[in-house]
Structure formats: structure tokens, C-alpha cells
Amino acid sequence: MHHYVAEWFYAPEGGITMFASDTDYLDIETPPSPHNGTQVKVYLIPLEPGQVFWSPRHRVHGYFNRDKVDRRLK
């Protein structure tokens, strides 16, 4: 999660799965946590070759390589 920038991810070969929340976490001092009851639901978005993913600031996001083949992510 970033509080100051949004991010774009480009998967030229696909094979990458993004995960992202649809909830903004505006307080940098209070990140989502199961310990304080603010855990977040995330959605999985598989990227196909040539697809782009955008994550706005203040949201939980990340990625993983779903088929364990080396893939570029820009």
C-alpha cells in the first residue's frame, strides 16, 4: 500500500495475478490488520498478455506469479 503514489503494472507476457482491495486506507498510522479489526478483502485479477493494471494510492495491492515461470512485470 502506498500513500503518496498510484502505480501502473504492465504484464507483457501475462501469467501474473494482481491482488487489490477496493477500500481506501487514508491513515498512514493505521494500516489494515486482523489485530485491530481492519483486515481488508482483496480481489484477484489475473493478467493476460499485454494487460495493464492500475492501483490507486491508499489501497492494498500486490502480485504473484501464478505459474512459476519467469515473467516480466513492468
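Arg72 is partly exposed, at 43% relative accessibility. Here buried means under 20% relative accessible area, exposed means over 50%, and partly exposed lies in between (1.4 Å probe, protein chains only). The model is predicted, so local features need pLDDT of at least 70 and side-chain atom pairs count only at pLDDT 80 or more, whereas totals for chains, interfaces and linings use all residues. Residues are numbered from 1 along each chain as its sequence is written, and side-chain values use heavy atoms, with hydrogens and water left out.

Arg72 forms a salt bridge with Glu13, with 3.1 Å between the closest N and O atoms. Arg72 lies in the segment after strand 5 and Glu13 in the loop between strand 1 and strand 2, so this pair ties together parts that are 59 residues apart in sequence. Glu13 is partly exposed, with a relative accessible area of 34%. A salt bridge is defined as a side-chain nitrogen of Lys or Arg within 4 Å of a carboxyl oxygen of Asp or Glu. The count by this rule is 2 salt bridges. Arg59 forms a salt bridge with Asp24, and their closest N and O atoms are 2.8 Å apart. Arg59 sits in the loop between strand 4 and strand 5 and Asp24 in the loop between strand 2 and strand 3, so the pair ties together parts 35 residues apart in sequence. Arg59 is partly exposed, with a relative accessible area of 23%. Asp24 also counts as partly exposed, at 39% relative accessibility.

The strands named here are DSSP runs (E, at least two residues), numbered from the N terminus. An open sheet of 3 strands has the order 3-2-5, with antiparallel pairing. Strand 3 (42–47) and strand 5 (61–65) stand at the edges with a single partner strand each, so one side of each has no neighbour in the sheet. The twist averages 25° from one strand to the next. Axes for such angles are lines fitted to C-alpha atoms, and the angles run from 0 to 180 degrees between N-to-C directions. Strands pair if DSSP finds at least two bridges between them. Strand 2 (residues 16–21) and strand 3 run antiparallel and are joined by 6 bridges. Met18 stands opposite Ile45 in strand 3.

Aromatic contacts were examined next. Rings of Phe, Tyr and Trp (its six-membered ring) pair if their centres lie within 6.5 Å; planes under 30 degrees apart count as stacked, over 60 as edge-to-face and the rest as tilted. This rule gives 3 aromatic pairs. Trp8 and Trp54 form a tilted pair, 6.1 Å centre to centre with 40° between the planes. The pair links distant parts of the chain: Trp8 is in strand 1 (residues 7–11) and Trp54 in strand 4 (residues 51–55), 46 residues apart. Trp8 is exposed, with a relative accessible area of 60%. Trp54 is partly exposed, with a relative accessible area of 43%. Phe9 and Phe53 form a tilted pair, 6.4 Å centre to centre and 40° between the planes. This pair also links distant parts of the chain, with Phe9 in strand 1 and Phe53 in strand 4, 44 residues apart. Phe9 and Phe53 are buried. Ring pairs join Phe9, Phe53 and Tyr63 into a cluster.

Trp8, Tyr10, Val52 and Trp54 make a nonpolar surface patch of about 470 Å². Val52 lies in strand 4 and is partly exposed, at 47% relative accessibility. Strand 1 and strand 4 each supply at least two residues of the patch. Patches are made of residues with over 30% relative accessible area and no salt bridge; nonpolar side chains (Val, Leu, Ile, Met, Phe, Trp, Tyr) are joined within 5 Å, like charges within 9 Å. Accessible areas come from the Shrake-Rupley method with a 1.4 Å probe; for residues, only the protein chains shown count as cover.

Key:
Helices (H or I, at least four residues) and strands (E, at least two) are DSSP runs, numbered from the N terminus.
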